[in-house]
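Me: I'd like to go through the labels on this one and see what backs each of them up. Can we take them one by one?

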Amino acid sequence: MSWLGPFLAAREIWQAPLLASLMAGALLGFLGVYVVLRRTVFVSAALTQISTLGLVFGLFLEERLHIEAEHAHHQLGMAMGFAVVGAVLLAALRPRRLPAEALVGAAWVTASALVVLGVSRLVHAAHDLGGMVFGNAVAVPDEELWIIAAVALLCGLVHLAFRKEITFASFDPETARAMGLHTWVWDAALAVTVGLAIPASARALGALPVFAFLTLPASAALLLRLRLGAAFALAAAFGVSAAAGGYLISWFAETPTGATMVAVAALFLVPGGLRALWQDRA
């Protein structure tokens with residue numbers, strides 16, 4: 001166990017990033033069940049770009065108009081504001097003549113283009129943008145850890161208080177509307193929680209783990225064909241396990257942390273995939 005001593009001695013280095021990863025894994029794993037079942041997987045990619053646009057906008061205000069936005073909570077607040085508005089609009093706008101993927105694709109490519117244009121106008125802050133947007137799950141300041149905790153608590157309370165309404169509006173909207181439920185309200189509530197979770201997690205972990213945690217743990221849980229409540233719990237547990245396992249493996253194997261977390265999360269697909277393959281052959 002001599003290998004464990006140096007790791008424990010360095011806990012001041014890893015405890016904040018590991019805690020941030022665990023909370024993000026649980027939160028994104030849980031929300032991912034909605035994302036996967038609603039077939040809006042690429043919404044998370046679009047929202048990541050939209051939150052980046054908010055960050056670029058904040059940097060532009062600071063650099064060109066000298067409006068103070070240098071602190072992390074200013075920048076993260078700007079990114080969250082853009083992501084929440086984007087999530088609500090994507091949930092509300094459903095043109096009949098276009099598939100949902102077309103709207104998501106348009107949002108992603110437009111936000112990406114505006115990010116590139118915005119960065120091209122930044123002089124001093126552009127070199128810091130990568131670190132601000134695409135965290136690496138290695139260095140997480142205490143301020144960001146508390147922000148993730150606050151977002152996770154808020155999202156948990158919303159989904160605990162309005163679980164039936166959000167679930168009903170998400171998975172059977174026609175019946176819900178026929179019973180007098182204002183589905184757009186609960187779609188917006190879900191969109192707001194996703195819009196808050198993505199920028200807070202992406203700043204600490206990086207865009208790749210966030211996208212993975214919104215898709216892989218939920219997919220792995222749903223492949224096992226459990227009841228919906230059990231699928232939510234198992235997806236959150238898979239997210240926590242992938243974050244913890246990936247972080248520890250990357251620490252000892254000296255591999256990229258975010259990519260290692262994604263690889264571990266993908267392993268959880270194996271049992272459900274084998275089960276589905278077995279049943280298809282039976």
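**Labels and what backs them**

Me: What makes Asp187 buried or exposed?
Reply: This is a predicted model, and in it Asp187 has a relative accessible area of 7%. Buried means under 20%, so Asp187 is buried.

Me: Why is the pair of Asp187 and Arg38 called a salt bridge?
Reply: The closest N and O atoms of Asp187 and Arg38 are 3.2 Å apart. The cut-off is within 4 Å, from a side-chain nitrogen of Lys or Arg to a carboxyl oxygen of Asp or Glu, so the pair counts as a salt bridge. The structure holds one salt bridge.

Me: What does the pair of Asp187 and Arg38 tie together?
Reply: Asp187 sits in helix H10 (residues 183-205), while Arg38 is in the loop between helix H2 (11-37) and helix H3 (43-64), so the pair links parts that are 149 residues apart in sequence.

Me: And His182, what makes this residue buried or exposed?
Reply: His182 has a relative accessible area of 53%. Exposed means over 50%, so His182 is exposed. His182 lies in the loop between helix H9 (173-178) and H10.

Me: How do you know which secondary structure the chain has?
Reply: The count comes to 14 helices and zero strands. As for burial, 44% of the 282 residues of the chain count as buried.

Methods
Residues numbered from 1 in each chain as written. Predicted model: local features only at pLDDT ≥ 70, side-chain atom pairs only at ≥ 80, totals over all residues. Heavy atoms only, no water. Helix = DSSP H or I, 4+ residues; strand = E, 2+ residues; numbered from the N terminus. Buried < 20%, exposed > 50% of the residue type's maximum accessible area, 1.4 Å probe, protein only.
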